[in-house]
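Here is a short note for someone opening this model for the first time.

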Amino acid sequence: MRVTRNAKSYTNILTAPFRLSLAAALVSTFSASIQAQEEPVLEEVVVTGIRASLQSAVNLKRDSDNLVEVIMAEDIGKLPDQNLAEVLENITGVQITRTAGVGTGVQIRGTNANRVEINGVSTLGSGAGRSGIDFEDVNASIIAGVEVIKASEAKTVEGSVGGTINLLTIRPLQLTDTLVSARLQYEESSLSEESAKPRFSGAYGDTWDTGLGAIGFVISGSYTESAAVSFRPRADRDTLSSVDGGPQDFLGIQFLLQEQEADLYETTNIASTLEWAPNENLEFFLDVNIIEQERDREQYRVQASGVSSVRNIQAPTDFETVNFNISDLNRNYQAALRGTIEPDLANDDDDPNLRFTSETDSRATDSEVIRFGGKWRNDKWSLSAELASSKADTETPELDTTLNFINPNCPLDGTSNDNCVPYVYDLSGEELAFGINFDSPFAPAVADLTNPANIVLDQVDYNNDQQNNSEDAFRFDVSYMVDNWGITSVDVGYRFNDTEIEFDAIGDRIGGFSRMEDSPSGLLFEELLVRGPTNYDDADGRDLFVKNFLIVDPDRANKNPLGTLRILEDALAEHRLDNPDATGDLVANIESDQNQYYKIEEETNALYAQLNFASGMFRGNVGVRYVQTDVDSTAYGPSDGNGDRSLATQSGDYSFLLPRLNLVMSPTEEENLLFRLGFGKDIRRPDYDLLNTGFEYDPSENEVVAFGNPGLSPEEVVSWDISAEYYFADASVVSIGYFHKERTDIFGTFLEGAALIPSDNVSGFVRETDPACPGGGTYNPEVVPNVLGDPDTRGMCVDFTIPGNDSATTTQQGIEISFQGDLSGYEDQLGWASGFGVIANYTSQDFSGGAAEDCTTGRGLTALGEVCAARGLLDFSEDAYNFTLYYEKYNLTARMRYTWRDEFRTDDFAGGASLNSTFSFPVLTEERGQLNAAVGYAIGENFNIGLEVTNLTEETITQRCVSEDGPVCFVGNPDRRITLGVSYRM
């Protein structure tokens with residue numbers, strides 16, 4: 001099946017069977033990318049289902065003049081995965097990262113710095129990033145196809161490093177029949193205590209020939225509820241310890257954490273298009289995409305803090321040997337592996353501590369992508385104009401509460417609200433397990449742990465941050481048909497966009513209490529307390545964990561955060577009646593934090609000129625894109641001396657000339673063998689939050705202050721692509737490609753640690769309190785010291801980070817190999833076995849160069865000494881592969897996909913940790929594979945039942961500190977999700 005042209009039919013109705021109408025509907029959208037001169041039309045075919053989608057994708061890839069990868073839905077609203085990020089994981093050179101088991105990040109050729117569009121229009125995310133809409137916000141059922149542009153043309157909008165992801169919706173004037181479809185599913189998580197969640201999607205579309213011309217309309221929508229759960233234990237072993245008469249300089253226990261992330265998603269997506277073709281030369285369209293996402297996070301943390309108070313007194317029972325093997329540091333360290341942590345009343349009468357935190361870090365995002373435009377064409381000219389508006393308004397309601405357990409079986413002095421709890425831990429087998437040591441004489445009874453009388457309120461955080469992102473764009477494109485000297489057409493165009501990003505942090509904190517006198521008893525807010533989940537062993541079968549504890553009901557806090565806050569404020573007021581000398585706020589002063597507020601405004605003008613050619617065995621395009629951008633960064637300046645602050649704006653501008661070339665050689669008349677060459681220059685602008693001058697202070701002594709840098713320059717990328725493709729049968733291709741990228745001014749985060757001064761206190765160190773911070777770091781006036789200072793004071797020097805550009809060039813290169821084929825052509829010889837097919841791809845890449853380094857500071861400096869190592873690229877795996885085996889015959893479809901990616905370094909880790917907790921270096925996520933499977937059966941011509949399983953074998957995510965030879969710091973145990981459903985299509 002090949003793309004053909006038909007300039008006489010302005011309705012562009014396809015002659016293929018209805019089951020291919022979806023694939024056909026996408027061709028008109030895709031044609032702008034593949035430089036077809038008129039709307040492409042598909043010849044009649046008889047294949048359906050998986051093979052139809054593969055055949056359509058192969059044809060679009062083959063006929064494009066630049067390097068693209070395409071995935072087409074095998075039926076209406078039926079991409080190969082439920083999650084859009086996992087759909088993209090099918091593509092060569094694409095890897096993904098997950099949050100609570102759900103695909104949320106996509107790396108193309110080793111980088112997150114990509115663009116996401118819907119029908120060629122920019123999308124905006126819920127945060128301050130540049131990559132576009134959050135993948136978990138878009139239900140794959142409304143997306144009819146996906147293209148990944150790896151080699152840009154001059155007309156391709158700038159802004160990506162790895163590639164541009166374009167999500168395609170159905171074009172109504174391309175439908176061959178009335179479209180009616182519906183699907184109902186239920187999804188269940190293996191680790192969630194919630195019941196199965198529903199998913200519903202449907203679509204309707206039709207075309208009408210009227211006296212005013214052809215009119216087409218299509219609307220698709222979905223409503224999805226989903227529960228995704230991941231268990232993420234953490235262990236900090238980042239401080240050298242010594243025990244009198246025992247081991248010297250071993251990595252002792254600094255902190256232990258048991259965490260569950262439970263995300264409850266409620267997603268509504270609507271995609272609609274109206275098209276009108278008054279005659280064969282003129283066409284208008286209106287696209288409206290509405291995306292609403294509500295994510296309620298019900299996260300809890302069980303924290304064993306204050307354990308560092310005895311790390312120089314009590315030795316572990318077992319050790320493991322770790323060798324960080326980084327830079328010049330190549331020595332063995334003994335690290336705590338198993339042991340107990342007992343209160344030592346002579347040293348500290350109220351450590352270690354047991355704390356229970358309930359977090360509802362929720363998010364509600366309303367997104368819109370609206371596109372209105374038209375196109376006129378005749379034999380020589382084609383003119384198109386388009387107005388587009390994108391927005392993403394986000395609220396992040398959050399109510400976090402920390403409760404301290406007061407151990408009744410420990411002789412506390414009655415002043416501190418720390419709690420004297422014994423622990424036992426076992427960090428072997430990459431489980432990072434710990435629990436209460438019930439063999440200790442200090443051990444509380446199980447009933448004590450769930451008694452509200454033994455709970456006190458430590459801290460309450462209420463936030464409802466606002467992120468409002470918008471972009472208005474206009475573009476005008478002209479194409480002139482030449483058809484002389486091998487030139488087919490000349491394209492020129494102009495694009496203007498106005499982008500505004502505004503962030504306002506709204507909220508307040510109560511507490512950070514350290515004294516019993518300030519801390520209300522759980523009896524005063526007992527109505528809010530519920531028992532925490534008891535299924536932490538479901539993921540890995542562990543025996544050792546904390547399963548009896550109380551938290552503030554996260555479901556209630558999600559549904560009524562202000563009402564929950566009022567009950568806690570009332571408890572504080574009632575407690576104050578009996579403790580009139582207590583200090584601290586009684587109510588939250590909910591207001592905007594001027595320190596964090598920022599607004600970024602950008603205006604960009606872009607011009608391009610592109611020459612398209614086809615002569616003999618060669619075709620392609622060459623052109624140049626000119627980009628000029630003005631940036632204004634607004635935030636609150638310093639106080640004027642009277643306590644008043646005013647907004648101040650810093651401005652900047654830049655311009656770039658971006659040449660681009662794509663060449664395709666077809667040595668055979670059938671064009672079944674293609675060779676491609678691509679060259680292009682692009683830029684990647686800094687994320688908006690990197691450009692702001694706002695920042696946030698946190699009362700925790702271990703929290704890092706993150707500053708922005710409005711002086712950041714865009715990253716520059718020069719790319720080369722060479723590839724060969726052999727199309728040996730319908731829906732079948734084998735290809736191999738090489739890519740090379742030179743990247744300069746890469747963005748990086750630089751950490752400066754506050755000095756740790758040796759001390760006789762329980763931790764062995766204190767931090768400076770001089771606001772000038774002569775030893776490094778920045779002064780945080782809101783810190784309430786814990787073990788690094790006097791808890792009766794406020795303010796100390798803490799670590800800070802600041803973004804910057806890497807002045808040196810990083811070279812990135814790789815090889816991509818893919819294969820797609822089936823046995824359908826051998827039905828006579830193989831019978832039922834001819835239903836099998838295979839899709840496989842492999843990517844190998846590496847990078848070199850760059851001057852940016854990560855260097856030890858803070859706790860990392862005290863443990864490892866002065867060590868620096870090249871940063872390289874984060875979230876970059878050297879090797880990855882993807883293997884899919886499918887079967888389609890006798891109304892049965894089945895698919896099994898195994899995806900594997902090599903280890904990679906990242907700053908995405910668990911449990912509220914920061915670089916201060918990881919020896920000052922990003923962590924290393926170990927290699928991991930995941931198996932997904934699906935099976936469906938067609939009942940007659942209209943109904944289909946199906947079962948899909950994500951993460952079938954519940955694979956673990958393991959993260960090590962510093963390097964592959966370092967200690968295990970974090971472990972993720974994501975769930976298995978099973979989806980059962982039925983679909984109808986007329």
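1. Counting bonded cysteines along the protein chain, the disulfides (pairs of cysteine sulfur atoms within 2.5 Å) follow the pattern 1-2, 3-4, 5-6, 7-8. A search of the whole structure finds four of them.

2. The model is predicted: local features need pLDDT of at least 70 and side-chain atom pairs count only at pLDDT 80 or more, while totals for chains, interfaces and linings use all residues. Residues are numbered from 1 along each chain as its sequence is written, and side-chain values use heavy atoms, with hydrogens and water left out.

3. The sulfur atoms of Cys 410 and Cys 420 are 1.7 Å apart, and their link is right-handed, with 65° about the S-S bond. Cys 410 is buried at 8% relative accessible area, and Cys 420 is buried at 0%. Buried means under 20% relative accessible area, exposed over 50% and partly exposed in between (1.4 Å probe, protein chains only).

4. Cys 773 is joined to Cys 797, S to S 2.2 Å. The torsion about this S-S bond is about -105°, so the disulfide is left-handed. Both Cys 773 and Cys 797 are buried.

5. Cys 855 and Cys 868 have sulfur atoms 2.0 Å apart. Cys 855 is partly exposed at 31%, as is Cys 868 at 29%.
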